[in-house]
Amino acid sequence: MTQADVSDRVVVGAVCDPVEERARAVAERFGVPKVFASIDELVGSGQVDAVTVASPIGLHFEHCRLALEAGLHVHVNKTLSTTVAEANTLIALASDCDLRLVASPGEILRPQIGRARELVASGAIGDVSWAICGGAFEAYHESEEPERVQSSGPPINPAWYFRKPGGGPMYDITVYALHQLTSIIGPALRVTALSGIRVPFREFQGERIATEADDNTILLIDFGEGKFAVAFGTASGAVSDQFGACVFHGSQGTIDGVLLNGEPFDFAGREKTLHAPVTDWGAQMCVLEHVVGAHRHIPEAHVFEDIMQLVRWVLDGEASKVTAEHARHVVDIIESGYRSAASSSTESLTTTFEPADVTLPVVTT
Ligand SMILES: NC(=O)c1ccc[n+]([C@@H]2O[C@H](COP(=O)([O-])OP(=O)(O)OC[C@H]3O[C@@H](n4cnc5c(N)ncnc54)[C@H](O)[C@@H]3O)[C@@H](O)[C@H]2O)c1
């Protein structure tokens, strides 16, 4: 089942997880009629028209590929894939099979981001010279231990967040910042990076997990015409207390997330966010189109918005502004960063994307 406001548009037809007990518990809790223990069974079942892929990031490519090859539309959680080559394959498959592919995170949908883009473009902070953004692992997935232990079936081990492929803070957390950054100032051209491991072991339920994927990466990104950004996916630290936010420095001021020179700027729907501090990432999502009623109280409501983008695209033919081409460009930045760090050279990006046309209501700052 789904919430009443969308149940005439989309229903959950099946849940798939190799830990069948876990899938069964979710199905019972939410009234889902079918359970599958393998993606092959799911995509071949004829039970669903579309999937939302929420498996570990290193499995996204394979799971998206199998779904598209089976003729299913796909929403995939961040990050789309770990390489540009994989992203190319998925985009081509979707196109060849006339299927829809929506890749989270749809940061471009947030009016806060659209307004920041307008402010930067209109010269509100003068000529932008550089920006800084990113995210850090801290003890994030280790601190999820209570929820991971409470799940049905065996505890959900977060080890994959620290392993390749798909582990590390770049694909998990910095991806949000990179979507914001490129939504606001457009596609990048080149990347130089340093990358390594700072926390060699993590722990889950007393088990020592060796860190294999870099957990401390700093990128220098070239946008051309002397405009640069620093993007970090580090073991610790932050530059803004707004999650994923970019700080833009211009000749006449600074934008830090939703603050213009230290003061909140206006954006469509801002009045709905005033009950919570700007640092409350979840509360700020209530400005998204489909995040209304009960959806305002679910964790990670932005994922629901991205799923509804796919639903609308499939049912009404209205193409989503959350594009796989944008997600591929972000994958390119991350992958090129790792290549740069390994080769000690600057890497040229091979992808670009057309920034979505987000028409916003006129607001004052
Ligand atoms: N944890 C978060 O805060 C968060 C937030 C937003 C998005 N996401 C995204 O959600 C996805 C999952 O993250 P998570 O933290 O929930 O991971 P997790 O490790 O907690 O759970 C992963 C689930 O995938 C299942 N799984 C493993 N292999 C599978 C397979 N072959 N087929 C189907 N299912 C399989 C596991 O059994 C487990 O139930 C990732 O794409 C992540 O980027 C996570």
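User: At what angle do helix H3 and helix H4 pack?

Analyst: About 15 degrees, with the axes of H3 (residues 60-69) and H4 (residues 84-96) 10 Å apart. Helices here are DSSP runs of H or I, at least four residues, numbered from the N terminus. Axes are lines fitted to C-alpha atoms over the stretch in contact, and angles run from 0 to 180 degrees between N-to-C directions. So H3 is roughly parallel to H4 (angles under 35 degrees count as that).

User: Which residues meet there?

Analyst: From H3, Phe-61, Cys-64, Arg-65, Leu-68 and Glu-69; from H4, Glu-86, Thr-89, Leu-90, Leu-93 and Ala-94. Contact means heavy atoms within 4.5 Å.

User: OK, new topic. Is His-302 buried or exposed?

Analyst: Buried, because its relative accessibility is 6% (buried means under 20% relative accessible area, exposed over 50%, partly exposed in between, with a 1.4 Å probe and protein chains only). His-302 is found in helix H9, residues 301-316.

User: And what is His-302 in contact with?

Analyst: Tyr-176, Trp-281, Met-285 and Leu-288, leaving aside neighbours within four places in sequence.

User: What's the confidence like?

Analyst: The model is predicted: local features need pLDDT of at least 70, side-chain atom pairs count only at pLDDT 80 or more, and totals for chains, interfaces and linings use all residues. Residues are numbered from 1 along each chain as its sequence is written, and side-chain values use heavy atoms, leaving out hydrogens and water. Mean pLDDT (the predictor's confidence in each residue, from 0 to 100) is 95 for the protein chain, and 98% of its residues reach 70 or more. Over residues 361-365 the pLDDT is below 50.

Notes: Helices (H or I, at least four residues) and strands (E, at least two) are DSSP runs, numbered from the N terminus. Angles under 35 degrees count as roughly parallel, over 145 as roughly antiparallel, 65 to 115 as roughly perpendicular and the rest as oblique.
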